[in-house]
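Please look over the sequence and the model shown here before reading on.

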Number of protein chains: 2
Amino acid sequence: MKLTLTAVENIPMVEPGDDLVDQICAGLESMGESLLDGDILVLAQKIVSKAENRYVDLKTVVPSAEAIALGHEVDKDPRKVQVILDESNEVVRKRPGVLIVEHRLGFVAANAGIDQSNIQQNGVDGDDLCLLLPVDADASAETLRANIRARMGVEVGVVINDSIGRAWRMGTVGLAIGVAGMTALEDYVGGEDIYGRELLVTQVAAADELAAGASLVMGQTTEKAPVVLVRGYRSRANNPEVSGVQPLLRPKAMDMFR
Amino acid sequence: MKLTLTAVENIPMVEPGDDLVDQICAGLESMGESLLDGDILVLAQKIVSKAENRYVDLKTVVPSAEAIALGHEVDKDPRKVQVILDESNEVVRKRPGVLIVEHRLGFVAANAGIDQSNIQQNGVDGDDLCLLLPVDADASAETLRANIRARMGVEVGVVINDSIGRAWRMGTVGLAIGVAGMTALEDYVGGEDIYGRELLVTQVAAADELAAGASLVMGQTTEKAPVVLVRGYRSRANNPEVSGVQPLLRPKAMDMFR
């Protein structure tokens, strides 16, 4: 078994309103490549957010008293804190320089995944410009999947990933924030080991593993490689009807670490 | 940029004392493949532990009063709890059915990474047999790396991975527990984004991303695929002198989630 992860070349700088499917198809064509059934496309959250014009100009944000107090407490721009709170269900941890929240889409992330690097828009630069996560990353992934199917007649999976920090370990890893056309959490319930013994660990976060592997190919920023084509992945999930990122999100009541 | 992750074929069932380098070389040869400078080999912890004979027969374990009490509290075999405690620095969380510890090697994992699936030894089967993690997974990785270099004259990286659960998210992902010949944590301190703005998120857990991607290849095959050859990875780390898994482990004093 062989998995290949290939950076889609020649993706232009994405602007609000851009058609990512057009750009991906053109990029693949420029490489002499085309999509096959079963391929997975992993897209960096940043280009999805840019295409969806999820920019916020902080000069337009009026922070609430809560955001001002919290900004003082964690030493962050209260306007940015306001945007983070607006994007969050609740604050999970706060320390000077650190604000970890449950994003309204359900996952735990620092600063609600809001980004200030590698963005520039209408002359508003980093200090005043934020880029939010997509409104609904699963819906974004599903729209991309459906458009690819409609235009090219191929059944692909789509994962939107982001670089996210973790408890217990240093550094970010790519994680899935939106999933379509594949089972995010592979469930081996009822499976057996090679000696016929019932498997105890039965759930594998396949979409997160894809997101992490693709993140290596995306790399950091100097080469722009925001789309990765994954070929050779075959899900062994026995719950193919489940889609979206939700199965990867541990419900708060089941989480011992917040 | 293209990354390929290929399962090394024909790795036999590993027994204590087996020479993994021999087995990997034979497997690669059977595929008409050979190692190149810069390749990364990702090995499943399980085969490293088996080769190092890290089996424990629970029938030989006499649980302490602490292990008996804790076993009762978390509804686990007190003999297994004893083995977990022996392998741990401290208990991080305990609940019925759950025992999450800081392994003596420093990472946080359920049951100290002790495994009871896919093992069988001298007729002692799963219920009485445990397989511990390697004594020193970085040293195991370094020995493999050095042996490959000595025998084949190639400079490869070696990652030993394991499937480990996480805070906040469901399912396991492959994570690195031993690393040699590559920089586990890529550090972009001082780097700039594509608009020349200083990067804020500067550390990427590259070895974990490799471990996760390789885990997909290992996990998908009903055939055993405990070794994955990763080709095409080029570290962009600016701290190449740092080796081992330690940089990936968040010091407890810096961890808000235990």
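In chain A, the helices α3(A) and α4(A) cross in a right-handed way, where right-handed means that the near helix is turned clockwise from the far one by less than a right angle, and left-handed that it is turned anticlockwise. Helices here are DSSP runs of H or I with at least four residues, strands are runs of E with at least two, and both are numbered from the N terminus. The model is a predicted one, in which local features need pLDDT of at least 70 and side-chain atom pairs count only at pLDDT 80 or more, while totals for chains, interfaces and linings use all residues. Residues are numbered from 1 along each chain as its sequence is written, and chains are lettered from A and ligands numbered from 1 in the order in which they are written.

Two packed helices are described by the angle between their axes and the distance between the axes. Helix α3 (residues 65-74) and helix α4 (residues 78-86) of chain A pack at about 115 degrees with their axes 8 Å apart; the axes are lines fitted to C-alpha atoms, for helices over the stretch in contact, and the angles run from 0 to 180 degrees between N-to-C directions. On the side of α3(A), the residues that take part are A:Glu66, A:Ala67, A:Ile68, A:Leu70 and A:Gly71, and they meet A:Pro78, A:Val81, A:Gln82 and A:Leu85 of α4(A), a contact being two residues whose C-beta atoms, placed from the backbone, lie within 7 Å. By class, this contact has six nonpolar residues, two polar and one charged, with Ala, Val, Leu, Ile, Met, Phe, Trp, Tyr, Cys and Pro counted as nonpolar, Asp, Glu, Lys and Arg as charged, and the others, Gly among them, as polar.

How does chain B look at its own helix α4, and what covers the buried residues there? Eight of the nine residues of α4(B) are buried, so this helix is largely enclosed by the rest of the structure; buried means that 20 or more other C-beta atoms lie within 10 Å of a residue's own, exposed that 12 or fewer do, and partly exposed covers the range in between, with C-beta atoms placed from the backbone. The cover includes β3 (55-57), α3 (65-74), β4 (88-95), β5 (98-103) and β7 (129-131) of chain B. One residue of this helix is B:Val83, which is buried because 21 other C-beta atoms lie within 10 Å. Leaving aside neighbours within four places in sequence, B:Val83 is in contact with B:Val56, B:Val61, B:Ile114 and B:Cys130.

Next comes a backbone detail. Most residues other than glycine have a negative phi, and most peptide bonds are trans. A:Ala112, however, has a positive phi of about 55 degrees although it is not a glycine, and its place is in the loop between β6 (108-110) and β7 (129-131) of chain A. With 27 C-beta neighbours inside 10 Å, A:Ala112 counts as buried.

Of the 258 residues of chain A, 50% count as buried, and the chain has six helices and twelve strands. The largest nonpolar core has 158 residues, and those with the most contacts inside it are A:Ala207, B:Ala207 and B:Val228; such a core is a set of buried Ala, Val, Leu, Ile, Met, Phe, Trp, Tyr and Cys residues joined through C-beta atoms within 7 Å.
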